[in-house]
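Keep the viewer open while you read.

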Amino acid sequence: MKNFESRFNRWLDGSLDESERLAFEATLDEETLLSAKLWPSIRSTLRQSASGIPVPHPDFLNAQVLRDIARETPPPPRDGLARLVWSGAFCVLAAAVLTALFLPRITADISTTVVSASPASPSVSASAFLAPGGRSTVIWLDGVEYIPGAERVQ
Amino acid sequence: MRALIAFLLMASLPQLPAEDNIWAALVLSTNENPPREVPRKLQDFAPAIKDVFGYNSLYLLGQKKQPISAWSSDWLVPSSDFFFHITSLEQEPACYRVLIELFRGKSLLLTAEVRLARNAPLFIRGPLWGQGQLVLLLEVR
């Protein structure tokens with residue numbers, strides 16, 4: 001079929017050589033041959049006639065055609081927009097729920113940390129460590145002056 | 001629909017506490033037989049004090065609570081003998097980065113930069129006193 005179309009097109013274009021043209025025309029029935037032979041002249045006549053027809057108020061006609069096309073074109077489905085909005089709302093809600101569930105847990109797991117500790121007195125040393133349990137942190141001062149029990153602390 | 005989306009956006013923001021407070025306490029810890037009943041305000045801290053310092057009885061000598069916010073600087077005086085000067089350097093989602101200065105009377109004992117997390121106390125081992133140990137507590141709550 002494709003071969004036929006190819007040869008038919010070449011036949012219409014007149015690009016077949018003489019022997020090919022005769023062989024191809026022998027495969028065509030009389031009616032097809034006649035209409036095909038007439039087609040180039042019909043096409044040429046139509047083009048000449050159409051280009052010569054003056055169109056009154058071309059802008060108005062153009063607007064009318066565009067309006068008719070718009071009227072006949074089905075509007076985009078509104079379901080798509082609604083689905084998009086609801087999907088967005090669902091994502092935000094999911095983010096809110098996950099945040100509410102996990103943020104307290106994340107913040108609850110953070111322990112106090114000592115960045116630096118410097119005693120004012122050179123006779124005092126300081127060290128820091130995490131207490132057993134992992135939540136409490138200790139700054140351990142060594143060498144701070146002992147306070148006798150008789151001295152009142154308040 | 002817009003109201004719903006606005007509500008959902010607001011709900012999705014991290015929930016920050018309206019106001020944080022910093023609490024300081026001066027505690028005397030001793031070993032007694034039988035152990036003394038733990039003061040109500042120290043019940044959450046008693047296990048850690050026992051584990052870390054090895055004392056079974058606690059006395060709350062003084063305490064003070066006041067608001068804390070980013071870039072604030074204030075005195076925190078749980079007792080007239082031991083007190084803090086707290087400078088809040090930065091507020092993070094779960095903690096405050098603070099500069100702590102611990103004073104005994106007019107003498108500066110310690111300067112420390114600490115990231116104080118909420119409900120995660122800081123214990124400072126103070127001087128020995130009589131048969132016990134002074135412990136200073138700091139907590140953001």
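How many bridges join strand E1 (residues 20-30) of chain B to E2(B)? There are 11 bridges, and the two strands run antiparallel. Before going further, bear in mind that this is a predicted model.

Leu122(B) has Leu138(B) as its bridge partner in E8(B).

Put together, these strands belong to an open sheet of 6 strands, ordered E2(A)-E3(A)-E7(B)-E8(B)-E1(B)-E2(B), with mixed pairing. At the edges you'll find strand E2 (125-130) of chain A and strand E2 (57-68) of chain B, each of which pairs on one side only. From one strand to the next, the twist averages 20°.

**The five-stranded sheet**

There is also an open sheet of 5 strands, and its order is E1(A)-E6(B)-E5(B)-E4(B)-E3(B), with antiparallel pairing. Its edges are strand E1 (113-119) of chain A and strand E3 (73-76) of chain B; each has a single partner strand, so one side of each has no neighbour in the sheet. The twist in this sheet averages 20° from one strand to the next.

Here are the strand pairs of this sheet with their bridge counts:

| Strand pair | Sense | Bridges |
|---|---|---|
| E1(A) and E6(B) | antiparallel | 6 bridges |
| E5(B) and E6(B) | antiparallel | 10 bridges |
| E3(B) and E4(B) | antiparallel | 4 bridges |

For residue-level landmarks, Ala117(A) has Ala112(B) as its bridge partner in E6(B). Arg97(B) is partnered by Arg115(B), also in E6(B). Over at E4(B), Ile86(B) is the bridge partner of Asp74(B). E3(B) and E4(B) make a hairpin, with 5 residues between them.

**Where the chains touch**

Both sheets take strands from chains A and B, and the contact between the chains involves 39 residues from chain A and 43 residues from chain B. On the chain A side, the elements giving two or more residues are helix H5 (78-108), E1 and strand E3 (137-142). H5(A) supplies the largest share of that side, with 9 residues. By type, the chain A side splits into 25 nonpolar, 12 polar and 2 charged residues.

**Chain A on its own**

Chain A has 5 helices and 3 strands. Reading from the N terminus, its elements run α-α-α-α-α-β-β-β. Of its 154 residues, 9% count as buried. Among the chain A contacts with a separation of 6 or more, 18% come from residues 24 or more positions apart.

Is helix H4(A) mostly buried or in the open? Of its 15 residues, the number buried is 0, so H4(A) lies largely in the open. Its length also checks out: at 1.5 Å a residue, the 15 residues of helix H4 (residues 58-72) of chain A should span 21 Å, and the end C-alpha atoms are 21 Å apart, which agrees.

**The core, and a buried glutamate**

The largest nonpolar core has 45 residues, and those with the most contacts inside it are Ile139(A), Leu116(B), Phe123(B), Ile124(B), Val135(B), Leu136(B) and Leu137(B). Take Leu136(B): leaving out residues up to four places away in sequence, Leu136(B) touches Ala24(B), Leu26(B), Phe82(B), Leu102(B), Ile124(B) and Gly126(B).

Now have a look at Glu139(B), which is found in strand E8 of chain B. Why does Glu139(B) count as buried? Glu139(B) has 22 C-beta neighbours inside 10 Å, and the cut-off for buried is 20 or more, so Glu139(B) qualifies. Apart from its neighbours within four places in sequence, Glu139(B) is in contact with Trp23(B), Asn119(B) and Pro121(B). Glu139(B) and Leu116(B) are 23 residues apart in sequence, with their C-alpha atoms 7.1 Å apart in space.

Methods. Residues numbered from 1 in each chain as written. Chains lettered and ligands numbered in written order. Predicted model: local features only at pLDDT ≥ 70, side-chain atom pairs only at ≥ 80, totals over all residues. Pairing = 2+ DSSP bridges. Axes fitted to C-alpha atoms, helices over the stretch in contact; angles between N-to-C directions. Contact = placed C-beta atoms within 7 Å. Nonpolar A, V, L, I, M, F, W, Y, C, P; charged D, E, K, R; others polar. Buried ≥ 20, exposed ≤ 12 C-beta atoms within 10 Å, placed from the backbone. Core = buried A, V, L, I, M, F, W, Y, C linked by C-beta atoms within 7 Å. Expected span 1.5 Å × (residues − 1).
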